[in-house]
Amino acid sequence: MNLIPSFSVDHTNLKPGIYISRTDYCGDTPVTTYDIRMTAPNQEPAVNIAAIHTIEHLVATYLRNDPEWKDKVIYWGPMGCLTGNYLILKGQYPCEVIRDLMIDAFREVSDYEGDVPGTTPATCGNCLMHDLPMAKWEARRYVSRLERQFCCTYPGVERPKDSAGNQFFDA
Ligand SMILES: [Zn+2]
């Protein structure tokens, strides 16, 4: 089996930011998967699972109500490693454009007051697993990272090699 492209990124040197993870085509229409990376993988704590669940609900609500973007959003959701989220959009936009969108969306999270949308047993599969105060803290930190130290180029994809020149694929 081939290593899928997102696993061939060097995750030991990946900084918070926004990256293009992959581009697929549905007919002639590009579909872009953005890596909305909130923490440095394997270097600092991942996002708390309840906080990233709350971020999922709030950012999805924001994106699917935004007049400019709602029809372009195919998917929004957390990564399994809890260090970021995937945003899948119809079309292709520079990371700087998505940065402005994410600053607006995460500002909404950091300022959010009240009930998190979709958190009843009928509307969420794990409605007790939410943490709004921690979601707001993470959102505030991510906004300041996007504003101050924006990264959008993946680090090298060269994998470590053994003495025989074989590459290690550990993902
Ligand atoms: Zn949920």
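This is a predicted model: local features need pLDDT of at least 70, side-chain atom pairs count only at pLDDT 80 or more; totals for chains, interfaces and linings use all residues.

Reader: How far apart are the end C-alpha atoms of α1?

Author: They are 21 Å apart.

Reader: Nice. Can we zoom out for a second? How many helices and strands does the protein chain have?

Author: There are three helices and four strands. Starting at the N terminus, the order is β-β-α-β-β-α-α.

Reader: What share of the residues counts as buried?

Author: Of the 171 residues in the protein chain, 27% do. As for contacts with a separation of 6 or more, 66% of them are accounted for by residues 24 or more positions apart.

Reader: Back to helices, then. Which residues of α3 are buried?

Author: Those are Leu 132, Ala 135, Lys 136, Glu 138, Ala 139, Tyr 142 and Leu 146. Looking down the axis of α3, you find these buried residues within an arc of 165 degrees, so they line one face of the helix.

Reader: What about the face turned away from that buried side: which exposed residues does it carry?

Author: Pro 133 and Arg 148 are the exposed residues there. On the buried side of α3, the cover includes α1 and α2.

Reader: Where is Phe 150 found?

Author: Phe 150 sits in the segment after α3, which covers 132-148.

Reader: Why does Phe 150 count as partly exposed?

Author: Because Phe 150 has 15 C-beta neighbours inside 10 Å. A residue needs 20 or more to be buried, and 12 or fewer to be exposed.

Reader: Which residues does Phe 150 touch, leaving out those up to four places away in sequence?

Author: Phe 150 touches Gly 17 and Arg 99. There is also Pro 16: its C-alpha atom is separated from that of Phe 150 by 7.7 Å, although the two residues are 134 residues apart along the chain.

Reader: Great, thanks for the tour!

Definitions and conventions:
Residues are numbered from 1 along each chain as its sequence is written. Helices (H or I, at least four residues) and strands (E, at least two) are DSSP runs, numbered from the N terminus. Two residues are in contact if their C-beta atoms, placed from the backbone, lie within 7 Å. The expected span of a helix is 1.5 Å times one less than its number of residues. The arc is that of the directions from the helix axis to the C-beta atoms.
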